[in-house]
Amino acid sequence: MNLTTRTTGSGFKKSDTVVLFLPEQDKKRAHAVPAALKFIADSIDLSHFKGKSAETAFIPLAGKPAVILCGIGKEKDIDAESLRRSAAGVSGICRDKSITGIIVIPPELKGMAGALVLESIAEGLFLSNYSYDKYKTGRNGNGKSLVKHAIFLTGEKKAPAILKKVEIISRNTLLCRDLINEISEKSDPLGIAREARTLARLPGVTCTVYGRKEIQKMKMGLLLAVNQGSRRPPALVVLTYRGNPRSKKFFSIIGKGITFDSGGMNLKPSGHIEDMRTDMAGAAAALFSLKAVAELKLPKNMYAVLPLTENMLSNDSYRPGDVFTAYDGTTVEIGNTDAEGRLILADALAFTEKRLKPECLVDIATLTGACVVTFGEIVAGYLTTDDDLGRLLEEAGAATGEVIWRLPLHKDYEENLKSDIADISNVSAEKNSGTIMGGIFLKKFVKTGKWAHLDIAGTARNSKPRGYRPKNATGFGVRLIVETVGRWKG
Ligand code: BES
Ligand code: ZN
Ligand code: ZN
């Protein structure tokens with residue numbers, strides 16, 4: 001979608017569709033309509049429209065521009081996230097009516113800066129204007145098109161810069177969804193590595209892809225163990241963005257890239273295996289957050305590290321009871337081949353800390369079913385060894401609407417990872433506290449660095465549309481990480 005601006009006061013054509021936002025229970029609503037839109041107030045009885053959040057109405061006017069009304073709720077309840085959600089309703093109407101161009105008039109609100117209103121509405125529109133229909137043939141597709149142009153009528157001076165920022169971050173969120181929704185046949189380790197290599201075209205970005213031989217040479221025994229059952233080789237992608245050459249500090253994001261999680265020998269049953277092509281959502285979020293940071297030209301330095309493999313079942317698969325040696329020398333007993341995400345992340349975290357020496361490490365992963373049980377599809381769980389890093393992430397989460405909630409890394413959980421034959425087991429001796437145990441395992445592979453672990457098992461994928469996040473891949477994490485890197489003092 002193309003976002004442009006026009007200053008207030010210009011005329012409208014009959015063929016235009018004008019989007020107007022109205023708060024709830026504003027008795028003077030008709031008078032609140034800008035002068036340029038007086039024709040609306042004259043033609044429509046606005047009293048039928050309540051203005052509840054995300055309430056929408058399409059009003060075709062004979063011989064005049066069509067109007068889409070969008071409610072934004074009670075003024076006292078309006079914030080950035082509520083505006084994003086309300087704006088998502090507009091995309092729904094546009095799809096229904098096959099409207100591909102809109103003129104958007106952002107509301108003037110007493111309690112909120114015009115710049116933030118504009119940004120939030122643009123974001124809500126962009127993020128909800130999405131559908132994954134690559135595999136629908138013309139005959140079976142719904143034939144409905146997306147919005148191509150949105151012109152914002154605004155006097156806001158910074159509008160072009162705000163819309164440019166929204167465009168970059170939102171477009172990369174949609175690209176992240178595409179890569180996750182893509183079938184595992186194509187979104188496989190080499191497919192993702194190929195996608196990563198294209199980022200090296202951006203100023204300041206370099207990309208290194210380590211293949212099987214190099215991964216063997218580096219002795220990443222856990223990534224290789226998970227890969228054993230797959231005919232597709234593993235890959236380790238390291239993306240570097242240098243936006244502040246004067247600083248030696250690097251932010252690092254490490255994303256779980258299991259391109260299909262069958263569970264391995266501990267095979268997942270029906271009902272749990274179908275959507276496991278999305279088990280690389282962490283890697284996708286890491287890739288596209290670095291891409292967005294580079295396109296925004298943020299004056300920061302950043303690494304994205306992506307351990308990539310399938311977790312398959314075959315004659316060569318790793319087995320429960322096997323023992324493998326991690327990159328850092330720790331021996332790990334495989335208690336369950338379905339706890340594979342923590343294995344590939346352990347090698348990637350140890351590698352990142354030792355070889356890249358970043359100022360902080362944040363991993364992002366669809367790690368545990370327990371996280372879905374605890375938080376559903378609404379909030380992501382996180383654990384950290386550093387309160388300041390935790391606060392930074394939480395604040396970025398609140399600002400973007402990608403909300404995270406902390407769980408404890410209490411020492412007493414550690415004894416549950418005891419193994420009779422190796423240093424540790426990859427699963428807990430107890431059934432409970434699954435998300436915490438994933439974090440406790442990963443913590444062992446970060447020696448001194450500031451580290452946080454984001455479990456996005458629930459938020460990466462929606463079972464139904466929720467506001468501006470569609471069904472299936474949501475792209476969760478891209479906006480959170482970009483915002484975090486922007487706030488981080490690097
Ligand atoms: N990829 C799954 C976690 C998952 C489950 C993500 C549901 C999204 C939706 C992960 O690899 C896994 O299978 N974890 C196991 C760990 C267990 C064996 C300790 C789980 O959560 O059951
Ligand atoms: Zn698994
Ligand atoms: Zn998994």
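In this predicted model, the shell around ligand 1 is made up of seven charged, four polar and four nonpolar residues. The residues that surround ligand 1 number 15. The closest of these are D261, K268, D279, D338 and G369.

Polar contacts to ligand 1 were examined next. The side chain of K268 places a polar atom 2.8 Å from an oxygen atom of ligand 1. For D261, a polar side-chain atom is found 2.9 Å from an oxygen atom of the ligand. E340 likewise has a polar side-chain atom at 2.9 Å from an oxygen atom of ligand 1. Ligand 1 exposes 520 Å² when taken alone, and 74% of that area is buried by the protein. The space that ligand 1 takes is the largest pocket.

With regard to the overall fold, the protein chain contains 14 helices and 20 strands. Along the principal axes, the C-alpha atoms of the protein chain fill a box of roughly 80 × 55 × 40 Å.

Notes
Residues numbered from 1 in each chain as written. Chains lettered and ligands numbered in written order. Predicted model: local features only at pLDDT ≥ 70, side-chain atom pairs only at ≥ 80, totals over all residues. Heavy atoms only, no water. Near = heavy atom within 4 Å. Polar contact = N/O pair within 3.5 Å; in protein donor to acceptor, adjacent residues only side chain to side chain. Areas by Shrake-Rupley, 256 points an atom, 1.4 Å probe, with all protein chains shown as cover. 1 Å grid on protein atoms, 1.4 Å probe; cavity = no way out; pocket = protein on both sides within 12 Å on 5 of 7 lines; lining within 4 Å. Sits in = over half its atoms within 2 Å of the grid points. Nonpolar A, V, L, I, M, F, W, Y, C, P; charged D, E, K, R; others polar. Helix = DSSP H or I, 4+ residues; strand = E, 2+ residues; numbered from the N terminus.
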